[in-house]
Amino acid sequence: GAGGKILQVLQSTRTDLLSTTSATFVDVLTQAITPSSTSSKVLIFFHAMECTDSGDGNTYSRYKLMRDSTSIYNGDDSGSATGASSGRYGRQSGYKTDPVQIMYLDSPSTTSSTTYKVQFNSTRGSSWRVSVGGTYDTGFAGYTRVPTNLILMEVAG
């Protein structure tokens with residue numbers, strides 16, 4: 001049968017640096033797709049390089065994958081930890097970057113236009129800047145800025 005055949009591929013890319021110090025989620029990338037069948041699946045790939053400020057060297061961020069206005073593909077909440085699609089908590093030297101990725105096979109069960117987006121926030125809020133697109137610092141020739149990418153692939157059901 002035709003199951004598994006790739007029917008369409010769409011991409012949204014940004015090449016600028018996006019930063020936030022907000023605990024409120026900010027849109028990183030958005031891409032709409034119109035599935036050709038209710039049995040189609042949507043394979044989602046998101047890739048970013050995250051940077052945080054210098055200082056204590058910790059990075060605290062959270063990423064959400066949204067289908068229209070619904071957050072999908074989240075880990076479970078546990079204790080004080082909040083489930084999300086991706087996130088970072090770990091040691092980073094000042095202005096260094098780490099990869100953030102989301103991969104998920106969704107079943108939207110519709111032939112209407114469906115918008116997927118990735119959002120992120122700084123879980124420390126106003127006390128800490130989190131950026132996607134490479135390093136925030138521009139003062140050293142070894143630092144790099146990189147594209148952020150969201151790819152949607154319609155897969156026949």
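The protein chain exposes about 7,700 Å², of which carbon and sulfur atoms supply 47%; accessible areas come from the Shrake-Rupley method with a 1.4 Å probe, and for residues only the protein chains shown count as cover. The structure is a predicted model, in which local features need pLDDT of at least 70 and side-chain atom pairs count only at pLDDT 80 or more, whereas totals for chains, interfaces and linings use all residues. Residues are numbered from 1 along each chain as its sequence is written, and side-chain values use heavy atoms, with hydrogens and water left out.

The C-alpha atoms of the protein chain fill a box of roughly 55 × 40 × 20 Å, taken along the principal axes. Of the 157 residues, 39% are buried (under 20% relative accessible area, with exposed being over 50% and partly exposed in between, 1.4 Å probe, protein chains only). Among contacts (heavy atoms within 4.5 Å) with a separation of 6 or more, 80% involve residues 24 or more positions apart.

The protein chain contains zero helices and eleven strands, where helices (H or I, at least four residues) and strands (E, at least two) are DSSP runs numbered from the N terminus. Strand β9 (residues 114-122) has seven of its nine residues buried, so it is largely enclosed by the rest of the structure. Strand β3 (residues 26-33) runs antiparallel to β9 and is joined to it by seven bridges, pairing of two strands requiring that DSSP find at least two bridges between them. Within this arrangement, Ile 33 stands opposite Thr 114 in β9.

Aromatic rings of Phe, Tyr and Trp (its six-membered ring) are taken to pair if their centres lie within 6.5 Å, with planes under 30 degrees apart counted as stacked, over 60 as edge-to-face and the rest as tilted. By this rule the count comes to three aromatic pairs. In one of them, the ring centres of Phe 46 and Tyr 63 are 6.3 Å apart and the planes stand at 45 degrees, so the pair is tilted. This pair links distant parts of the chain, with Phe 46 in strand β4 (residues 41-52) and Tyr 63 in strand β5 (residues 58-67), 17 residues apart. Both Phe 46 and Tyr 63 are buried, and together with Phe 120 they form one aromatic cluster. Elsewhere, Lys 64 lies over the face of Phe 25, at 4.2 Å from the ring centre (NZ of Lys or CZ of Arg within 6 Å of the ring centre and within 35 degrees of the ring normal).
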